[in-house]
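Here is a short briefing to read with the sequence and the 3D view side by side. Take the topics one at a time and find each residue as you go.

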Amino acid sequence: MELDERKITILKAIIKNYMETGEPVGSRTISKYVNSKWSSATIRNEMSDLEEMGYIIQPHTSAGRIPSDKGYRFYVDQILQEKDNEVMEIKELMVQRMGRLELVLKALAKNLASNTNYAAMISGPQYHRNKLKFIQLSKVDANKLLIVTVVEGNIIKNTMVTIDGEISDEELLNLNILLNTNLNGLTIEEINLGVISRLKEEAGVHRQVVDLVLNEVAAVIKADGDDFQIYTSGATNIFKYPELSDSQKASELLSTLEHTETLQELVSEAGGNQSETGIQVYIGDESPVQAMKDCGVVTATYDLGEGLKGTIGIIGPKRMDYEKVLRTLRNLMTQLDATFKKEER
C-alpha cells in the first residue's frame, strides 16, 4: 500500500487538527477539515489504511485517531521538503531575473547616452532588505543546524551553526512554527526586546537557537551589498560642450564616471533625497559629487518590486535640456516597470 494524494491530505488534516486540539480526530471532523471533498465512509476507509500502514493509531476503542511517530516524521519531512523547494525556486528565479536585468540595464545606459547626447549611468538594483520573509531551520547532525534566512528582495543566506545539546524533529518543527509565526513580515526595528523576550520564553531550553537565528536575521538585513554594479555610457559626450571640455574638468569627470565608489555617492544621495516622483535634479554646486559641480545631474529611482531599487542618472552641462531629460527618464521608468513587473503577474 502506498501513500497517494488522498491519504496524504487526510493524514495532514489529522495531524494539524490533533496539534490544534490535542484530541483524537474522527472521520466527521476530517470531513469538515477537507471541505467535504470525500464522504465519511471514504475517509474512514482511508484512515483504516493509514492505521494499518502505521501513520496513525487509535488510542481507545471507538475513539478517533492520533498521529504515530511515523506520521509525525512524514509530516515534518514533507514540510522541510516543501520549504526546500520554495527556497530553490526563489534562487532560480532571481538568478534568471538578474541575468536578464544586467543585459537590459547595459543596453538602456547606451540608449540613454545616445538619445540625450549626455553621459548616462544606471545602477543595478540594490536590495532594500527591510523585512524578514521566511526562516527555515534544518538539522544537519546532532549538534548542527542549517539556518536559511529569506528577507525582502528574496535575498537568501544559509548559515551553519553549532548548538548546545540535541534537538528532536518535533522540537525543531515547533521552533520553525514559533519563529515564522512571530517574525515573518517584521523589520529589524520591529524585532524589539519585547518580541525577543517572548520568543526566548516560548522557546524554553532552546532559547540559544533563537539567539542564533536573530543574529543571522540582523546580519542579512543590515548587510551592505558587495555586488553593487553601475553601468555607464556616453562619457565622451562631455567633450561636445565647451564648458566641460577643459582638460582638467574633463579628466576629473571622466575619472569619476569610471569609478564605482564615487558614483555610489550619487546613488546614495539620490536614494535619500528622492522626490515623490522618484526624480531628483542637481544643478551645479547642488551635486553631491565634487567633479560634477559644473554639471547638471538628473537622477531617477526605478523600483522593480520586492525591495529591488536602483538609480538612473544623466550627467551633462548645466544648460542641458531638462525637459527632454525628464521626459526620457519617466519613459524609461515606465519601460522597466512594464518589462519586469509584468513577468511577475
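Glu46 is buried, with a relative accessible area of 5%; buried means under 20% relative accessible area, exposed means over 50%, and partly exposed lies in between (1.4 Å probe, protein chains only). This is a predicted model, in which local features need pLDDT of at least 70 and side-chain atom pairs count only at pLDDT 80 or more, while totals for chains, interfaces and linings use all residues. Residues are numbered from 1 along each chain as its sequence is written, and side-chain values use heavy atoms, with hydrogens and water left out.

**Salt bridges around Lys7**

- Glu46 and Lys7 join their side chains in a salt bridge, at 2.9 Å from N to O; the term stands for a side-chain nitrogen of Lys or Arg within 4 Å of a carboxyl oxygen of Asp or Glu.
- Glu46 sits in helix 3 and Lys7 in helix 1 (residues 5-21), so this pair ties together parts that are 39 residues apart in sequence. Helices (H or I, at least four residues) and strands (E, at least two) are DSSP runs, numbered from the N terminus.
- Is Lys7 buried or exposed? Lys7 is buried, with a relative accessible area of 6%.
- Asp49 also forms a salt bridge with Lys7, and here the closest N and O atoms are 3.6 Å apart.
- That pair links distant parts of the chain, with Asp49 in helix 3 and Lys7 in helix 1, 42 residues apart.
- Asp49 counts as partly exposed, at 22% relative accessibility.
- Which residues belong to the network built from salt bridges that share partners? They are Asp4, Arg6, Lys7, Glu46 and Asp49.
- Asp4 meets Lys7 in a salt bridge of 3.9 Å, N to O, and Asp4 is partly exposed, with a relative accessible area of 35%.
- By this rule, the count of salt bridges comes to 10.

**Aromatic pairs**

- How many aromatic pairs does the structure hold? There are 2; rings of Phe, Tyr and Trp (its six-membered ring) pair if their centres lie within 6.5 Å, and planes under 30 degrees apart count as stacked, over 60 as edge-to-face and the rest as tilted.
- The rings of Tyr55 and Phe74 have centres 5.9 Å apart and planes at 75°, so this pair is edge-to-face.
- Tyr55 lies in the loop between helix 3 (40-52) and strand 1 (56-57), and Phe74 lies in helix 4 (residues 69-116), so the pair ties together parts that are 19 residues apart in sequence.
- Tyr55 and Phe74 are both buried.
- The rings of Tyr118 and Tyr241 have centres 5.7 Å apart and planes at 40°, so that pair is tilted.
- Tyr118 is in the loop between helix 4 and strand 3 (119-123), and Tyr241 is in the loop between strand 8 (230-233) and helix 8; the pair links distant parts of the chain, 123 residues apart.
- Tyr118 and Tyr241 are both buried.
- Lys70 lies over the face of Tyr55, at 4.5 Å from the ring centre; a charge sits over a ring if NZ of Lys or CZ of Arg is within 6 Å of the ring centre and within 35 degrees of the ring normal.

**Helix 8**

- The 12 residues of helix 8 (residues 247-258) should span 16 Å at 1.5 Å a residue, and the end C-alpha atoms are 16 Å apart, which agrees. The expected span is 1.5 Å times one less than the number of residues.
- Which residues of helix 8 are buried? They are Ala250, Leu253, Thr256 and Leu257.
- Seen down the axis, these buried residues fall within an arc of 125°, so they line one face of helix 8; the arc is that of the directions from the helix axis to the C-beta atoms.
- The face turned away from the buried side of helix 8 carries the exposed residues Ser247, Gln248 and Glu258.

- Most residues other than glycine have a negative phi.
- Asn117 has a positive phi, near 65°, and its place is in the loop between helix 4 and strand 3.
- Asn117 is partly exposed, with a relative accessible area of 34%.
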